[in-house]
Amino acid sequence: MLSRQQQAHRDDTFFSFFGGFLEEWEEPIDAAKRELMEESWMTSDNIFFLKRFEKRGFNNYSNFFVAKNVYKVADQNLDSGERIEIVSMTFDEVIDLIISKNFRVNLEFSTYIMNLKINNKLENLKELLFD
């Protein structure tokens, strides 16, 4: 599942994974659970770490987690001007979207996906996500 978003300060609509920033007091797994809940009002009992991407030239990083068997616990309660729609797609549709310019994700993750595709290793990722 992905989000299709439009933010108050932007005119364009974009797709992205659920996510955000790590609070000082949080562990990365707790931030992943919180962001999933805040943006989708869904949760999962099966969330695991996928990969960490260092941002080139910066002193920061992005952690990517996978949530399997998500389920809704409440209706969305979005901030004023925020529009987030939950979108369900196939694995191949997500890969095509990540490569397009209408998907918002860090460059390192996009590069990782491109390298898997070029080296015919996307099936390994698909098995991990959908076993």
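Predicted model: local features only at pLDDT ≥ 70, side-chain atom pairs only at ≥ 80, totals over all residues.
**Glu39**

Start with helix 1, which spans residues 28-40 and holds Glu39. Here is a charged residue that is buried yet makes no salt bridge. How far away is the nearest side chain of opposite charge? That is Arg34, at 7.8 Å, and a salt bridge would need the nitrogen and the carboxyl oxygen within 4 Å. What the Glu39 side chain does reach is the backbone nitrogen of Gly19, at 3.4 Å. Leaving out residues up to four places away in sequence, Glu39 also touches Phe17, Phe18, Leu78, Ile84 and Ile86, among others.

Now over to helix 2 (residues 91-99), where Phe91, Val94, Ile95, Leu97 and Ile98 are buried. They sit on the same side of helix 2 because they cover an arc of only 165° around the axis. Their cover includes strand 1 (2-6), strand 2 (14-16) and strand 8 (103-104), along with helix 3 (107-118) and helix 4 (122-130).

The largest nonpolar core has 16 residues, and Ile98, Phe103, Phe109, Ile113 and Leu122 are the ones that touch the most other members. Helix 2, helix 3 and helix 4 each supply at least two residues of this core, with the largest share, 5 residues, coming from helix 2. In soluble globular proteins, nonpolar side chains tend to be buried together.

Take Phe103 as a close-up: not counting residues up to four places away in sequence, Phe103 touches Leu2, Phe15, Ser16, Phe17, Leu97 and Ile98. Phe17 is also one of the residues that Glu39 touches.

Terms used: Residues numbered from 1 in each chain as written. Heavy atoms only, no water. Helix = DSSP H or I, 4+ residues; strand = E, 2+ residues; numbered from the N terminus. Buried < 20%, exposed > 50% of the residue type's maximum accessible area, 1.4 Å probe, protein only. Lys, Arg positive; Asp, Glu negative; His and termini not counted. Polar contact = N/O pair within 3.5 Å; in protein donor to acceptor, adjacent residues only side chain to side chain. Contact = heavy atoms within 4.5 Å. Arc of directions from axis to C-beta. Core = buried A, V, L, I, M, F, W, Y, C linked by side-chain atoms within 4.5 Å.
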